[in-house]
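Reader: I am new to this structure and would like to go through it in questions and answers. Please show it, and then begin with a single residue.

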Amino acid sequence: MKRAFPILAIVTAALLSYGLYQALVAAPTDRMQGDVYRIIYYHVPSAWVAFLLFFLNFVASIQYLVRPKPVADRLANWVAIAIGVVLCVVPFVYRPLPGGMEPSALATTGLAITGIYFLIKKLFSELTVDALAVVTAEVGVVYCTIVLVTGPLWARPVWGIWWTWDMRLTSTLVLWLIYVSYLLLRKFSTGSQTPLLAAALAVFGALDVPLVYFSIWFFRTQHPQPVIGGGGSIDPRMLHVMLINLLAFLCFAGLVCWSRYRLEILQREVEETQALEALLDRRPR
Amino acid sequence: MTFLYAAYAAVWIIHLVYVVNLVRRYTRLRKEIEEIGK
């Protein structure tokens, strides 16, 4: 595992450099928007990475809540399986799907949800799953911040305004606020119930993720329609650059999460040792 | 082009600030571990 980190770091650096070159130089210029459209090569992958991290936070929080109770744990397992099965079958039966959504995209999402749920269950214990929740929320907020900064920088020259209170933009801001409040709760609340309260907040906060994602289908918004998996079309060269940058951002987020996770575990061990030392000092001699 | 460069610069600055923050937290924790060792 120690060797994997520098290897992943080198691969990530190479991917980020290649992605940057592709985004700024190699990708064709958009006929309508000009060069400013190139912001989407960082904006869209950042949004996907933020959604993925918030989803991981949601799964980790659910597992933190249900694992101590065997019945709830078994029920959650069956719900995860049911979500995968439903999303793999229903989109192919009921067609056409709203907003031009593609059945294969929904089926892939369903399989990913079930797969990630059981992968986290296998890789993380009851104690470490809470650390995973903290880490994914923190790194997710970083990527959501990038989305909220790059979006207005694209909107100003294209729409003529920095911000509009439409459904996609507002729900993204609310999502960011929810996870910032989650992090504040984790930082400033010191009671033993903090992880439990934070997990409950994360479960409700995660409900905003599908609202953000599907808002452009179900509400009238100024935000552009999706070009991947949502019935839109994109130049294959642009898609290639987008996917390279997505991979680069995923690797970078993975590296950062890995480092942050090690820090979190180490921090907990230090706190436990300090608490033990304080107890031993107080013991009458 | 100004908006494009501003957006790319912002992305890298946000990444950099977070990584620097992580490194500082590591350094602080290492000091705490050294103190416990004493």
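Reader: Which residues does A:Val135 touch, not counting residues up to four places away in sequence?

Author: This is a predicted model, in which local features need pLDDT of at least 70, side-chain atom pairs count only at pLDDT 80 or more, and totals for chains, interfaces and linings use all residues. Residues are numbered from 1 along each chain as its sequence is written, while chains are lettered from A and ligands numbered from 1 in the order in which they are written. Two residues are in contact if their C-beta atoms, placed from the backbone, lie within 7 Å. Leaving out residues up to four places away in sequence, A:Val135 touches A:Cys257, A:Arg260, A:Tyr261 and A:Glu264.

Reader: Is A:Val135 buried or exposed?

Author: A residue is buried if 20 or more other C-beta atoms, placed from the backbone, lie within 10 Å of its own, exposed if 12 or fewer, and partly exposed in between. A:Val135 lies in helix H5 of chain A, helices (H or I, at least four residues) and strands (E, at least two) being DSSP runs numbered from the N terminus. With 24 other C-beta atoms within 10 Å, A:Val135 is buried.

Reader: Which residues have the most contacts inside the largest nonpolar core?

Author: A nonpolar core is a set of buried Ala, Val, Leu, Ile, Met, Phe, Trp, Tyr and Cys residues joined through C-beta atoms within 7 Å. The largest one has 64 residues. Those with the most contacts inside it are A:Ile39, A:Ala50, A:Phe54, A:Ala133, A:Tyr143 and A:Tyr179.

Reader: What covers the buried residues of H6(A)?

Author: H6(A) has 22 residues and reaches 31 Å from its first C-alpha to its last, close to the 32 Å expected at 1.5 Å a residue; the expected span is 1.5 Å times one less than the number of residues. Its buried residues include A:Leu175, A:Trp176 and A:Tyr179. Their cover includes H2, H5, H7 and H8 of chain A.

Reader: How many helices does chain B have?

Author: The C-alpha atoms of chain B fill a box of roughly 55 × 5 × 5 Å, taken along the principal axes. Of its 38 residues, 8% count as buried. Chain B has 0 strands and 1 helix.

Reader: Which element gives the largest share of the side of chain A that touches chain B?

Author: In this contact, 22 residues of chain A meet 17 residues of chain B. Helix H5 (128-159) and helix H9 (236-282) of chain A are the elements that give two or more residues to the chain A side. The largest share, 9 residues, comes from H5(A).

Reader: Are H5(A) and H1(B) roughly parallel or antiparallel to each other?

Author: Axes are lines fitted to C-alpha atoms, for helices over the stretch in contact, and angles run from 0 to 180 degrees between N-to-C directions. H5(A) and H1(B) pack at an angle of about 170 degrees, with their axes 9 Å apart. Angles under 35 degrees count as roughly parallel, over 145 as roughly antiparallel, 65 to 115 as roughly perpendicular and the rest as oblique. H5(A) and H1(B) are therefore roughly antiparallel.

Reader: How are H3(A) and H4(A) arranged relative to each other?

Author: The axes of helix H3 (residues 70-93) and helix H4 (residues 103-123) of chain A come within 8 Å and cross at roughly 170 degrees. H3(A) and H4(A) are therefore roughly antiparallel.
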